Amino acid sequence: MLVKEVMTPHVVSIAPEESAALAARLLARHGLGALPVCSAEGILRGMVTDRDIVLRCVAPEADPKSVPVKEIMSRRLAAVAPEDDVRQAARLMARRQIRRLPVVADGNVVGMVSLGDLAQCGRYEMEISRALTDISSVVQKLSE
């Protein structure tokens, strides 16, 4: 099964110059945990998560209204292509300890795939289970 068959094609993204406050509102409004940060041309530049906002903006007591997303986004990106196999996506998520991956074609974000999307396809339980276990163990260690 291919990533394009399970990905969410409707992507909410944010520009690097926008504020952390706007990113937080978009995450809350759309029930998301991560936003792709894209240039005006749609090129993926980074990802910003609710965790990035808390740890890199709120915790150091910066003003979320004045901190641009480009200052708090994660730049070490992992992504998959629409034609990639979902097992490859699951292995990448496990290896990088992430729950969501942007789906990129020609540099542009065309979708997002999450562990939930992979779980719904129902064919690759072992890879998905391993990814969830790996990610959960890291989250547990961080919270200790």
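Gln-97 counts as partly exposed because its relative accessibility is 29%, where partly exposed covers the range between buried (under 20% relative accessible area) and exposed (over 50%), as judged with a 1.4 Å probe and protein chains only. Gln-97 lies in the loop between α4 and β3, and its phi is positive, about 60°, although it is not a glycine. A positive phi, near 65°, also occurs at Glu-61, again a residue other than glycine; Glu-61 sits in the loop between α2 and α3 and, at 74% relative accessibility, counts as exposed.

The structure is a predicted model, in which local features need pLDDT of at least 70 and side-chain atom pairs count only at pLDDT 80 or more, while totals for chains, interfaces and linings use all residues. Residues are numbered from 1 along each chain as its sequence is written, and side-chain values use heavy atoms, with hydrogens and water left out.

**Overall architecture**

The protein contains six helices and four strands, helices (H or I, at least four residues) and strands (E, at least two) being DSSP runs numbered from the N terminus. Read from the N terminus on, the elements follow the order α-β-β-α-α-α-β-β-α-α. Of the 144 residues in the protein, 40% are buried. Contacts are defined by heavy atoms within 4.5 Å, and among those with a separation of 6 or more, 54% join residues 24 or more positions apart. The accessible surface comes to about 8200 Å², of which 50% belongs to carbon and sulfur atoms; accessible areas come from the Shrake-Rupley method with a 1.4 Å probe, and for residues only the protein chains shown count as cover.

**The hairpin**

Strand β1 (residues 34-38) and strand β2 (residues 44-49) pair in the antiparallel sense over five bridges, pairing being assigned if DSSP finds at least two bridges between two strands. The two strands form a hairpin with five residues between them, and Gly-42 in the turn has a positive phi of about 90°. Cys-38 stands opposite Leu-44 in β2.

**Nonpolar cores and Val-3**

In soluble globular proteins, nonpolar side chains tend to be buried together. A nonpolar core is here a set of buried Ala, Val, Leu, Ile, Met, Phe, Trp, Tyr and Cys residues joined through side-chain atoms within 4.5 Å. The largest such core has 15 residues, of which Val-3, Val-80, Leu-101, Val-103, Val-113 and Leu-118 touch the most other members. At least two residues of this core come from each of α4 (86-96), β3 (100-105) and α5 (115-121), and α4 gives the most, with five residues. Another core, of 14 residues, lies apart from it and includes Leu-26, Cys-57, Val-67 and Met-73.

Val-3 belongs to the segment before α1 (20-30) and is buried, with a relative accessible area of 0%. Leaving aside residues up to four places away in sequence, Val-3 touches Val-80, Ala-81, Pro-82, Asp-84, Asp-85, Val-86, Ala-89, Val-103 and Val-113. The C-alpha atoms of Val-3 and Gly-111 are separated by 9.3 Å, although these residues are 108 residues apart along the chain.

**Salt bridges**

Side chains of opposite charge can pair when their charged atoms come close. A search of the whole structure finds three salt bridges, each defined by a side-chain nitrogen of Lys or Arg within 4 Å of a carboxyl oxygen of Asp or Glu.

| Glu-83 | Lys-4 | 2.9 Å |

Lys-4 is partly exposed, with a relative accessible area of 42%. Asp-52 and Arg-56 are separated by about one helical turn because they are four residues apart in helix α2; Asp-52 is buried at 6% relative accessible area, whereas Arg-56 is partly exposed at 42%. In the remaining pair, Asp-85 is partly exposed at 21%, and Arg-87 is likewise partly exposed at 32%.

**A nonpolar surface patch**

Val-54, Leu-55 and Val-58 make a nonpolar surface patch of about 250 Å². Patches are made of residues with over 30% relative accessible area and no salt bridge, with like charges joined within 9 Å and nonpolar side chains (Val, Leu, Ile, Met, Phe, Trp, Tyr) within 5 Å. Val-54 is found in helix α2 (residues 50-58) and counts as partly exposed, at 46% relative accessibility.
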